[in-house]
Amino acid sequence: AQILVLHGPNLNLLGTREPAHYGATTLAEIDQALAGIAAEAGHTLSSLQSNAEHELVARVQQAAAEGVAWIIINPAAFTHTSVALRDALAAVAIPFIEVHLSNIHAREDFRHHSYFSELAAGVISGLGAYGYTLALLSAIETLKNN
Ligand code: DQA
């Protein structure tokens with residue numbers, strides 16, 4: 001099956017961006033590790049990082065046409081602001097897992113609310129880059145049962 005990983009704004013800076021919150025692993029390292037795990041399980045995984053809301057919305061819409069089976073998304077700052085990206089995920093009705101590197105509930109109040117969580121199959125927050133791995137393993141497990 002096809003699995004899509006989406007990363008929101010500023011996640012291109014991972015590795016150097018506020019490492020106390022986001023760790024030292026780069027986005028390229030995360031995407032490579034995920035692609036390897038997916039391939040080993042017989043799936044294909046593609047990743048997109050964008051700082052632009054409209055690009056993420058367009059990618060979600062395209063995912064429906066491609067028959068993507070699962071989306072793993074870290075909406076980053078759009079978590080707390082983007083009705084448009086939430087609506088795109090609702091529109092395509094592709095199951096998705098929401099991932100945050102940091103524990104958004106342990107940070108500023110404005111990070112406590114996510115527009116995505118009530119639509120997500122699950123939410124992982126605070127486990128660093130490993131959260132993406134856990135999300136992918138869960139998606140792969142679910143695909144076995146289909
Ligand atoms: C984040 C948490 C968000 O609040 C923040 O805006 C990010 C990254 C995380 O992965 O911990 O950019 O989604």
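Student: Where in this model is Tyr-22 found?

Tutor: Tyr-22 lies in helix 1, residues 19-22. Bear in mind that the model is predicted.

Student: What makes Tyr-22 count as buried?

Tutor: A residue is called buried if 20 or more other C-beta atoms lie within 10 Å of its own. Tyr-22 has 20 C-beta neighbours inside 10 Å, so Tyr-22 counts as buried.

Student: Why is His-100 called buried?

Tutor: The cut-off is 20 or more other C-beta atoms within 10 Å. His-100 has 23 other C-beta atoms within 10 Å, and therefore is buried. His-100 sits in strand 4.

Student: Which residues does the UniProt annotation "active site" cover?

Tutor: According to the unreviewed UniProt entry, the annotation covers Tyr-22 and His-100.

Student: How do you know that they cluster in space?

Tutor: They are spread over 79 residues of sequence, yet the largest C-alpha distance is 8.9 Å.

Student: What does each of the two touch, leaving out residues up to four places away in sequence?

Tutor: Tyr-22 touches Leu-14, Arg-17, Leu-101 and Ser-102. His-100 touches Asn-74, Ser-125 and Gly-126.

Student: Which residues are around the ligand?

Tutor: His-100 is one of them, and the others are Asn-10, Asn-74, Ala-76, Ala-77, Thr-79, Leu-101, Ser-102, Ile-104 and Arg-111. By kind, this shell divides into 4 nonpolar, 5 polar and 1 charged.

Student: How do you know that the length of helix 5 agrees with its number of residues?

Tutor: Helix 5 has 15 residues, 130-144, and at 1.5 Å a residue they should span 21 Å. The expected span uses one less than the number of residues. The end C-alpha atoms of helix 5 are 21 Å apart, which agrees.

Student: Which residues of helix 5 are buried?

Tutor: Gly-131, Tyr-132, Ala-135, Leu-136 and Ala-139 are the buried residues of helix 5. They cover an arc of only 135° around the axis, so they are on the same side of helix 5. The face turned away from that side carries the exposed residues Leu-137, Glu-141 and Lys-144.

Student: What do the buried residues of helix 5 pack against?

Tutor: Their partners are strand 1, helix 2, strand 3, strand 4 and strand 5.

Student: Which residues of helix 4 are buried, and why are they said to line one face?

Tutor: In helix 4, residues 83-92, the buried ones are Leu-85, Arg-86, Ala-88 and Leu-89. Seen down the axis, they fall within an arc of 155°, so they line one face of the helix. They pack against helix 3 and strand 4. Exposed residues Val-83, Ala-90 and Ala-91 are on the face turned away from the buried side.

Methods:
Residues numbered from 1 in each chain as written. Predicted model: local features only at pLDDT ≥ 70, side-chain atom pairs only at ≥ 80, totals over all residues. Helix = DSSP H or I, 4+ residues; strand = E, 2+ residues; numbered from the N terminus. Buried ≥ 20, exposed ≤ 12 C-beta atoms within 10 Å, placed from the backbone. Arc of directions from axis to C-beta. Contact = placed C-beta atoms within 7 Å. UniProt positions renumbered as here; feature names shortened; annotations may be inferred. Near = placed C-beta within 6 Å. Nonpolar A, V, L, I, M, F, W, Y, C, P; charged D, E, K, R; others polar.
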